[in-house]
Amino acid sequence: MSETISGGHLVAKALKAEGVDVIYTLCGGHIIDIYDGCVDEGIEVIDVRHEQVAAHAADGYARITGKPGCAVVTAGPGTTDAVTGVANAFRAESPMLLIGGQGALSQHKMGSLQDLPHVDMMTPITKFAATVPSTERIADIVSMAFRECYHGAPGPSFLEIPRDVLDAKVPLDKARIPAAGQYRASTRQQGDPAAIEQLADLLAHSEKPCILLGSQVWTCRATDAAIDFVRGLNVPAYMNGSGRGTLPPGDPHHFQLSRRYAFTEADLIIIVGTPFDFRMGYGKRLSPTAKVVQIDLDYRTVGKNRDIDLGIVGDAGLVLSAVLQASSGRVTDTVAKRQAWMDELRTVETQSYDKRLPRQLSDSKPIDPYRLVHEINEFLTEDTIYIGDGGDIVTFSGQVVQPKSPGHWMDPGPLGTLGVGMAFAMAAKQARRDKEVLCLFGDGAFSLTGWDFETMIRFDLPFIGVIGNNSSMNQIRYGQAAKYGEDRARIGNTLGDIKYGEFAKLLGGHGEEVSDPAEIRPALERARESGKPSLINVWVDPEVYAPGTMNQTMYK
């Protein structure tokens, strides 16, 4: 008699073949055979308190490890709860697979428990969405979903597996189980050689170039290539998204506060792995006289919203390395002349820093948010992964906090999703237990998914949580005040004065309340020494707003 295997065990074998070593999940009757398979395959099962957290954690796992993340949720509300996490991964170009349960095929269209048209709902926010039609095809279609995650720019896939398909057993020799490493080709493209030569020529004639290193620099693990490029060609570099940390703070080619000036004065602007979306003013913030070059994994992104002088589709690392090689011998004189441009930008950078420094050192009470993010920045080590989850408070941090290593910055991405922090911290610490994880939350953001602090306790995942608490959704409050006046500024955006430090202690973690700026650093040190999941609840001034909040176009 031939050996048989169940659908859930086929899922686990397919996950193992892709290198997935953990799934994030919230249990449901439709999906439990997958758990049984994961036990046999040595895949860890981390169960959370809300499916949104499971999906965000799969996203975070992909960002940290470079491997696709996986979340497994039940049908109906389990799958709809995960929609936000999938949508966030879609906009952030993060490769993950969400597996959702579904009623039995034998009960199709009969109104079975938690039956919904999941594939129809997921199709617009995934690169691939499908129903698995038979048990024999499960591993095959899982591998297909992973393959689609890497078509062009990365992104999420979704599969629903009907309960009877998942629970059934089939002869092992009848099931297609793709072998590890043999069902996906390399997606690394160097780009059009003619375009590489053209960019090298533009660099040879540029006196004031600059480069923006976006999230795809980290996605492509192109850190070394980017560093060689900017140092070899003497090009000032700005970083955003997951590209932050590509160059360490203090590096002569690392710039942050002079970006607007550079984008106005440069004669050549190279945009790597960043779309012309709202964060870039849809491309309108770039000098109309500069040559603009865009390098991206996705052909559809290049030239979208703004005309460009040159577009290159390819892997950031391979493209930058090829351009550096093509530039050899023809940029020597220009490279030396660029020092004046570098000095000009450094002067602007220093002036901006000096102007803001008094607020970063402010002893005012309530605490100035600039002081809080300054203390966090000073506290970070080369091994600290920093996560931002919030609105106004995280906007402050984007100006001040500088990760000291590549891949050590995490934020939601362009969907602007609140509630990612706990899940990202979970994934980061689970995947890299050798790293310290620090997450800055707004109090509004924390309250969305904060109950999964208990999951961090349960799985012994220590991290340092900091809440910038102003008892408000302050970014929205600013917009309401600007648009409708102060007498209507507090409609629908004001929260209770919650002592989140006490909440942490209630669940078994380390917690503190801080209202004196002098106590921020000592509290951070105590949280680090506790070895526990921690929350430092810092009461910040609700009457001040980040410049980025005040400049948002939606309020103009």
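This is a tour of one protein chain, stop by stop, for use with the viewer open.

The model is predicted, so to speak of a local feature a pLDDT of at least 70 is needed, side-chain atom pairs count only at pLDDT 80 or more, and totals for chains, interfaces and linings use all residues. Residues are numbered from 1 along each chain as its sequence is written, and side-chain values use heavy atoms, with hydrogens and water left out.

**The whole chain**

Show the protein chain as a cartoon: there are 24 helices and 19 strands. Helices (H or I, at least four residues) and strands (E, at least two) are DSSP runs, numbered from the N terminus. Along its principal axes the C-alpha trace spans about 80 × 60 × 45 Å. The radius of gyration is 24 Å, which agrees with the value near 24 Å for a compact globule of 556 residues; it is taken over C-alpha atoms, and the globule rule is 2.2 Å times the number of residues to the power 0.38. Of the 556 residues, 59% count as buried, where buried means under 20% relative accessible area, exposed over 50%, and partly exposed in between (1.4 Å probe, protein chains only).

**The six-stranded sheet**

Select strands E2 to E7. They form an open sheet in the order E3-E2-E4-E5-E7-E6, with parallel pairing; two strands pair if DSSP finds at least two bridges between them. Strand E3 (44-47) and strand E6 (128-131) are the edges, each pairing on one side only. From one strand to the next, the twist averages 20 degrees. For angles, axes are lines fitted to C-alpha atoms, for helices over the stretch in contact, and values run from 0 to 180 degrees between N-to-C directions.

Now pick E4 (residues 69-73) and E5 (residues 96-102), which pair over five bridges. Which residue of E5 is the bridge partner of Cys 70? That partner is Leu 97.

Contact here means heavy atoms within 4.5 Å.

**Glu 93**

Go to the loop between helix H5 (83-92) and E5, where Glu 93 is found. Is Glu 93 buried or exposed? Its relative accessibility is 19%, so Glu 93 counts as buried. Leaving aside residues up to four places away in sequence, Glu 93 touches Ala 153, Pro 154, Gly 155 and Gln 216. Arg 63 is 30 residues from Glu 93 in sequence and 9.5 Å away in space, C-alpha to C-alpha.

**The five-stranded sheet**

Select strands E9 to E13: this open sheet has the order E10-E9-E11-E12-E13, again with parallel pairing. Its edge strands are E10 (237-239) and E13 (310-313), and the twist averages 15 degrees from one strand to the next. Five bridges join E9 (residues 209-213) to E11 (residues 268-272), and Pro 209 stands opposite Leu 268. Helix H9 (residues 193-204) lies across E11, strand E12 (291-296) and E13.

**Helix H13**

Buried residues in H13 include Val 319, Leu 320 and Val 323. At its start, a side-chain oxygen of Asp 315 reaches to within 2.9 Å of the backbone nitrogen of Gly 317. Just after H13, Gly 329 takes a positive phi of about 90 degrees.

Methods
Polar contact = N/O pair within 3.5 Å; in protein donor to acceptor, adjacent residues only side chain to side chain.
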